[in-house]
Every structure is written in structure tokens, then in C-alpha cells.
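I opened this notebook to keep track of what I looked up, one entry at a time.

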Amino acid sequence: MSTAQRKSVADMILGWSATRSAWQQDALRRIIVGGALDAAGVAEMVQLCKKGCGAADITLTAIPLSAAHIPATAAAAGSDIVLTSIRDVEGVNRLAAGQELPFAPQGITVVYGDNGVGKSGYSRVLKRVCRARFPGEILPNAFDPMAPRHPSATIAYMAGGTPADPIAWTDDGTPHPILAAVSVFDRDSGQVHVRAKNEVAFRPFGLDIPDDLAALTVAVKEALIIEQTALEGAQDGAFTRPAFSADSAVGKVLGALSATTDFAPLEALATLTPEEEVKLQRLNADLTRDPLIASEEQRVFVGSLTHLANDLATVLATTADTPLSHLLALGDEARNKRAAADLAAETAFGGAAMRGVGEATWRSLWDAARRYSSEVAYPDKTFPHTGADALCVLCHQALQKDAGERMSAFEAFVKADTERQAKEAEAAFSECYQKLLTKPVKISAFSVRQQLVFKKPELARSILRCLAAARLRRAIALASAKAGGEVLMPELPPSPEATIRQLASDTMAYANELAEAASLEGRKRLEQERDELRDRAGLVELLPKARKEVARLGSLALLKNCISETATNAITGLGNGIADEVITPRVRDRFQEEIQKLAASRVRVDIVRSGGKYGSPHYQIRLFANDKAKIGEVLSEGEQTCVALAAFLTELATSAHRSTLVFDDPVSSLDHRWRHKVAERLVEEAAVRQIIVFTHDLIFLNDLQSLAQENGVAHSALSLIQSADGAGVVSSELPWIAAKVPERIDNLEKEARDAKVLYDAHDDAGYAEAVAKIYNRLRSTWERALEDVAFCGVITRHRDYINSKDLMKVTVLEESDVKGFQAGYKKCCDQTNAHDPSRGRNASSPPPDEVMADIGQVRPWVDGIRARQKTFNK
């Protein structure tokens with residue numbers, strides 16, 4: 001009966017993440033890819049938490065955890081992954097372009113380099129593309145602004161022993177799905193197992209993730225609570241000590257503000273009409289006085305308003321279109337009729353020799369002559385009597401024919417109707433004109449208007465417009481009535497009479513209210529009305545504060561929702577589940593094996609559960625002898641590094657594949673005991689998988705090479721140097737000081753061939769300098785051969801221990817070995833320029849054949865001793 005396959009840690013984390021909010025999914029991604037978040041990362045998580053709870057204007061976007069972000073526990077195809085090279089690196093520190101860093105597919109590859117020559121650049125690439133606890137960041141070349149700014153490289157690898165297509169990698173912040181099967185160990189990877197000063201923790205991959213997530217969640221919660229506390233104390237005093245009435249329409253809204261308050265009702269109440277503003281002022285003033293006195297004043301004001309309305313109505317009626325048009329029409333009629341009478345007079349008296357004929361004085365004389373003729377002189381004759389016997393009634397002279405005709409014409413004019421009509425029209429016009437003239441429009445006479453300027457400014461302006469228009473219309477009418485002609489009469493504005501009378505009515509009602517205010521109930525009504533208007537007027541200042549208050553309440557509601565998402569219960573469940581999956585008896589046993597290999601009996605420790613915090617159970621490394629001891633103080637730095645390396649290798653031992661392991665300066669600052677133990681363990685591991693080591697430690701390099709050679713493990717070494725092209729320039733050879741005797745011999749033979757070219761070219765100075773350098777190095781090679789071969793590495797300069805196990809091999813030395821060494825060494829001392837030669841000798845440099853022969857003496861000397869040492873072992 002088959003059982004269901006258990007979920008991997010990665011599957012557990014990924015599945016759990018899908019049930020969490022977006023910000024926690026992003027947090028998991030960041031923790032897995034880059035480790036615990038710094039303060040800036042916590043701040044971004046706070047922003048994402050707020051965004052997830054509805055906060056607007058946050059542009060930061062959560063990137064959820066996906067399978068691509070989780071370091072692989074097996075290759076994509078289920079086979080071992082082996083790195084073969086990194087090339088074409090760009091945008092990584094000061095690494096030179098066009099370099100290729102090769103790795104031997106089997107055994108151990110050591111990349112040696114001093115500080116600052118580019119080792120960290122290559123290791124950072126591997127930490128970003130492969131599986132590393134803390135990938136870190138890759139910075140571009142800070143000294144060259146034209147250099148590529150985004151990291152990229154081509155990485156060649158093998159899958160299951162078969163070369164695969166190289167990967168053109170560009171840094172996107174996530175491990176490559178295939179190359180993530182390769183694991184990288186560095187100082188940061190070791191530190192993850194040292195959780196506190198006095199604790200050494202066992203933290204396999206996956207078990208530390210709930211820890212970091214819980215710590216981050218608590219940090220987010222603390223940040224939210226700090227913000228919440230600040231907001232709770234930031235309420236405006238306008239709401240903690242309100243000046244508005246709780247019973248007014250405004251007060252009811254402001255007293256119940258919430259994050260969802262609708263401001264439309266307040267906005268509708270926020271604007272007072274001019275009348276309401278006047279009423280508010282009036283209420284404020286009157287409620288501070290005796291209501292009966294205030295009522296009486298209002299009644300007096302009502303009388304003034306009534307008089308104002310009546311007087312204004314009179315002025316407007318006098319200057320209305322009808323009366324003014326009537327005046328202008330009378331003027332036109334009087335002028336027209338006078339013109340007709342004047343025309344008739346001209347016809348009657350046009351030939352008169354004397355002035356004034358037909359005028360008023362003349363007409364009086366004529367009327368007297370008529371009465372005399374009709375009553376005295378010729379009572380039985382029609383006036384004027386112009387018969388043959390007629391005498392002039394004025395001069396008593398006999399009337400001539402022309403004089404009689406003239407008198408008849410005079411009488412006909414006097415009796416004509418035009419003159420009468422002209423007089424009647426002139427009399428009517430004069431009466432109407434005088435009537436308007438005696439009714440001037442004096443604005444100053446309307447004194448009540450001045451009171452309205454403050455109480456009802458718009459009404460006061462309307463009255464002024466009407467009075468000004470009436471005065472102008474009157475003046476135009478009086479002038480035009482006399483002069484005649486076309487009249488441009490301005491329109492009369494609408495009369496405010498009705499408004500004045502309504503104001504008078506309202507004021508009377510208010511006066512009655514004031515009278516009623518002498519009672520408590522009546523005063524209460526006025527105070528309520530006053531409060532309504534006052535609170536509405538106060539919205540000019542309160543409305544912006546209310547908006548801020550609603551925003552504050554909205555932020556508090558948002559923070560409350562955010563804080564509810566910071567519970568760590570679910571993280572506890574995840575941590576317990578991972579612990580049950582990871583910390584198994586098999587893992588404990590393997591950890592003990594690794595500790596034995598790295599520290600033997602010096603470090604007797606075990607994995608025990610030590611409680612937990614914020615969701616994740618903690619497992620500590622405890623001493624067998626004293627589980628109460630503060631192990632962080634007991635273990636040395638070297639012992640702690642061994643514990644970290646043991647945990648790292650234990651974790652990998654449980655995986656189903658044996659992909660490459662990369663170690664970046666794993667023995668930095670360790671002494672010889674721990675350095676040698678680490679070298680032994682890495683060489684042992686190199687027998688079953690590819691191991692790549694970056695180091696600047698020559699002794700560690702030597703230990704790795706020697707141990708690999710002793711154990712028959714394939715090994716290779718190369719170095720990185722810095723040149724004018726930049727750092728990380730790859731050399732297939734180790735630097736001279738790190739090279740073994742065979743490599744040195746090969747280099748010397750190459751240099752000798754190069755010197756022969758100078759010799760054949762008769763470049764004596766160049767040849768002499770080259771030969772001196774060759775013998776300098778040849779002497780150091782004899783010294784290294786003595787140390788590494790003759791003394792079999794028993795004593796090594798600057799090494800702080802003696803390799804006594806090979807001491808017996810020293811006994812194979814023979815007298816010929818000593819003499820051969822002395823001869824070769826002396827020849828080098830004679831030729832080297834390290835000593836100042838005698839000026840008297842001035843010897844020439846040995847020829848090329850002799851130089852090559854001197855170099856050739858080293859190899860058989862070394863081979864002979866090693867052959868006897870092997871025979872001795874048998």
C-alpha cells in the first residue's frame with residue numbers, strides 16, 4: 001500500500017503563501033531571495049499592507065512569491081547540475097570584459113586571488129543566479145559611468161553529465177530555476193545559524209523563513225501602532241472641545257463624523273444668504289439685551305421701512321413712464337399749437353409797419369377798441385365798421401380802403417381758434433411742468449436706506465439704483481419738456497417696494513418673537529435659530545477641519561484593518577509544519593556525522609528544541625555536557641564556523657541530487673586547526689560532487705591541493721588578477737608564490753625560451769636582465785623543492801603547525817641529494833642579482849643552453865626523492 005508523497009519545504013511555503021495577503025506574499029519573496037528585510041524594506045511592507053487594505057495613492061506594487069523565487073532542491077530535469085564556466089560578465093563591479101572563468105567538472109576547483117582582484121564579483125554572480133541564503137546585491141562599476149549598469153553573464157553548465165545550452169543570465173532578482181540547484185556557502189550563510197550573541201541555532205533552509213516573516217510582521221505591526229497612536233492624539237480641538245451646538249443640523253453631522261461621512265449635507269449648509277447673515281448678526285446682538293426693548297426697536301424700524309416703501313413708491317410713480325410721457329406730450333402739444341398760432345399771426349400781421357402787432361399789449365388795445373365800437377361809436381354795426389362813413393375808433397380819422405382791410409384782418413386773427421388752442425395747451429403744460437418741478441428726488445431724504453446698507457446691502461443698493469434712476473429721469477424729462485426733440489430716457493429698475501414691505505413684515509414678526517422671548521420658551525426658540533445660523537456660518541472654518549478629521553478617521557480605520565493582518569498565529573502553524581518536516585532523526589544523525597568530520601571530539605553538540613517566538617519553533621545547538629551553557633560564549637569563531645558548515649552540509653545531504661557546491665572564503669580568519677578540517681571535508685565532498693572554492697588564503701589553497709592529491713581527488717587551480725582592463729582577469733596559472741614545484745619548472749623553461757630569443761637577437765642587456773630573473777626564481781624553486789619535497793611539507797614557513805605524520809619520509813634523503821641541491825642552489829646565488837656582484841668580475845650571463853640545463857636539474861632531483869618516498873611508504 002503506497003503512501004502519499006510528503007510535501008517539500010518549498011511546496012509548504014508556496015502553498016501557505018497563496019493563502020496570505022499580498023504584502024505577506026511579497027514579504028516571503030523578499031525574505032527567501034534576500035534574507036531578513038532592513039528598515040527600508042519594513043517601511044515598504046507597511047506601505048503594501050496599507051495598499052492591500054484600501055489605501056490609495058500608493059504606487060508600490062506587491063510581487064507575490066512564486067516557484068521561481070524558491071531555490072531549487074533538485075535540478076529541473078531531476079539530474080545533477082555542474083558549472084563549467086562563467087563568461088561575458090557585464091555590469092558587475094569592476095570585472096574586466098571578455099573574461100571566461102572555467103571550472104573543472106569533477107573534483108575541486110580553487111579560484112585564488114588577493115583582496116580586490118574580483119573574486120567577490122564572480123561569487124556575487126553565483127549567489128544571485130544559484131541558491132544562496134543571502135544573495136546580496138550587485139553594484140555596477142562605480143568608476144566608469146559608461147559601463148553597463150545591469151548585471152549579466154553567460155553561464156555554461158552540465159546536467160546529468162551532459163553539456164547543456166549556456167544560460168544568458170540577466171539579473172532579475174530571482175535564482176535561475178535550473179542553476180538554483182547549485183548552493184553557495186559564505187560568511188552570511190554561516191551567520192544565519194548564529195541567531196543571537198549567546199545562542200548558536202540550527203537553521204536549515206525553510207526553518208528560518210517563518211522566523212524572519214514573523215519578525216517582519218511584528219516590525220510592521222509596531223510601525224502601524226506607532227502611526228495609530230500618533231493619529232489618535234492628532235484630533236483637532238474643534239472636535240475634542242466643540243464650539244458648535246450638538247442639536248443643530250451642523251452639530252449632528254460634525255458630532256457623528258466617521259470615515260464614510262458624506263459632506264454633501266454640510267456643503268449645502270455652508271453658505272448663508274445675505275439675509276441669513278444679517279439675521280445672525282441681529283440675533284447675536286438682540287439675545288444679549290432686554291427682549292422687550294429690542295422688540296420695540298424692531299417695531300420702530302418697521303415704521304421706518306413702511307415710510308420708506310411709501311416714499312419710494314411716490315417717487316417711482318412720479319417718475320414712471322406714464323407721467324413723464326404725459327409731460328413731454330404736453331410740451332410737444334404746446335409748442336405745436338403755438339407754432340400754428342404764430343403762423344396765423346404772421347399771415348394777419350405780416351405787413352404791419354409797427355412792432356408788437358398781435359402781441360399781448362396790442363391785443364389789450366384791440367379788445368378796448370372793440371368794446372368802444374360795439375358799445376359806443378357803432379352799436380348797431382359789426383366790429384370793425386369799415387363803411388364809407390366809418391371813422392377809426394382809435395384815431396377818429398376817416399378810414400381809407402387799405403386801413404379798413406387791415407382792421408378786418410386784425411379782427412379775423414383775433415377771432416381765429418389757433419390762438420385759443422395755443423394758450424390752452426401752454427397753460428396745461430405749465431401746470432404739469434410746475435407740478436414735477438416742485439417734486440425733487442433727494443436721495444439724502446431716504447435716511448433709512450443707510451441702515452439697510454449694513455443689514456440688507458443688496459436691498460440698499462437696489463433702492464439707491466431706483467432713486468438715482470428716478471432723479472435722472474426727472475431731470476431729463478424737465479429739460480426735454482422745455483427744449484423738445486428726441487428723448488433718450490433710461491429704464492427704471494425694478495421697484496424694491498415689495499421687498500421693503502416684506503422686510504417690514506418679517507421685522508414685525510421678529511419683533512413679535514422678541515416680545516415672546518421674554519419667556520424662557522420663546523428665548524429658547526431664538527437661541528436655537530441663532531445656533532443653527534452660527535454653526536452654518538462656522539462651517540467656513542469647520543468644513544476643512546472636518547475633511548481632515550474624516551481623513552484621520554479613515555486612516556485609523558485603515559490602520560485597524562492593517563493591524564488585524566499582523567497576527568502571527570498562521571506563521572506559527574507554518575513554522576511548526578516546517579520544523580516537523582525538516583528536523584527529523586535522520587537530519588540529527590547526519591548533523592552529528594558532519595560535526596565529527598569537522599570538529600571531531602572538540603565540539604560535542606546536539607540539536608534540541610528551545611521554544612520559539614512569533615510563530616517559529618527554535619532549535620539550538622546545545623553542549624552534551626551542559627545544555628544550560630551559553631554556547632555562543634563557549635564556542636570559538638572557528639568552532640561556530642564548523643557548526644554552520646555542518647548545518648549547511650547536513651541540509652544538502654538530505655537532497656536527492658548532488659549538484660555543485662560553491663564556497664566563498666569559507667575559512668576567513670580561521671586558524672590552522674579549523675582551516676585544515678574544513679579543507680579535509682571539502683576534499684571529501686569533492687569526491688562525490690563538484691566543489692568550487694574562492695579563497696585568498698594560500699595555506700588553505702595548499703591544504704586543498706595537498707589533500708586532493710593525497711586522496712586521489714581531481715583538483716585544479718586558477719587565479720584572478722587585476723590589470724588595466726579591470727579586476728577579475730583570469731589566469732590559468734597560480735601566482736608564483738602559490739605555484740607548486742612542477743608548475744614553477746614549466747614557467748622557468750618558458751622564460752628560458754623567451755630569453756633565448758633575446759640572446760639570438762644580440763640584445764645583451766635584455767638577455768642579462770632576463771637571465772638574472774630566471775636564476776632568482778630558480779633559487780626560490782630550489783627552496784620550495786627543499787620545503788615541499790625533501791622535507792615533505794613537515795615544516796612550512798608561516799604555517800603554525802608541524803606535519804609530523806610525514807617526518808619519516810625525510811629519511812630517504814641521500815648525500816647525492818644534498819650535493820645536488822647545494823650545487824644547483826649555489827649556481828643560482830652566483831647568477832642572481834639579489835646580491836651585488838664584484839665589479840672586478842663583470843662575468844657574462846650563461847648562454848641559453850646552460851640556463852636550460854640548470855633548470856632541468858630540478859626535475860630529476862624532485863622525481864628521484866619522491867620515488868624513494870613512495871617506495872618508503874610501501
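Entry on cysteine 395. I looked up how open this residue is in the predicted model, and I noted that cysteine 395 has 44% relative accessibility, so it counts as partly exposed. I then looked for a partner and found that the closest cysteine sulfur belongs to cysteine 392, at 3.5 Å, which is too far for a bond, because a disulfide needs the two sulfur atoms within 2.5 Å.

Entry on cysteine 562. Is cysteine 562 buried or exposed? I found 0% relative accessibility, so cysteine 562 counts as buried. The closest cysteine sulfur to that of cysteine 562 is in cysteine 53, and I wrote down 3.6 Å, again too far for a bond. My search of the whole structure ended with zero disulfides.

Entry on two helices. I looked up α26, residues 741–760, and α29, residues 848–856, and found that their axes come within 10 Å and cross at roughly 175 degrees. That makes α26 roughly antiparallel to α29. Sorting the residues of this contact by class, I noted eight nonpolar, no polar and three charged. On the α26 side I listed residues including Ile745, Leu748 and Tyr759, and they meet a set in α29 that includes Val851 and Ile855.

Entry on the whole chain. I noted 30 helices and 14 strands, and buried residues make up 45% of the 874 residues. Of the contacts between residues at least 6 apart in sequence, 74% join residues at least 24 apart. The chain exposes about 44,300 Å², and carbon and sulfur atoms supply 53% of that area.

Key
Residues are numbered from 1 along each chain as its sequence is written. This is a predicted model: local features need pLDDT of at least 70, side-chain atom pairs count only at pLDDT 80 or more; totals for chains, interfaces and linings use all residues. Side-chain values use heavy atoms; hydrogens and water are left out. Helices (H or I, at least four residues) and strands (E, at least two) are DSSP runs, numbered from the N terminus. Buried means under 20% relative accessible area, exposed over 50%, partly exposed in between (1.4 Å probe, protein chains only). Contact means heavy atoms within 4.5 Å. Accessible areas come from the Shrake-Rupley method with a 1.4 Å probe; for residues, only the protein chains shown count as cover. Axes are lines fitted to C-alpha atoms, for helices over the stretch in contact, and angles run from 0 to 180 degrees between N-to-C directions. Angles under 35 degrees count as roughly parallel, over 145 as roughly antiparallel, 65 to 115 as roughly perpendicular and the rest as oblique. Ala, Val, Leu, Ile, Met, Phe, Trp, Tyr, Cys and Pro count as nonpolar, Asp, Glu, Lys and Arg as charged, and the others, Gly among them, as polar.
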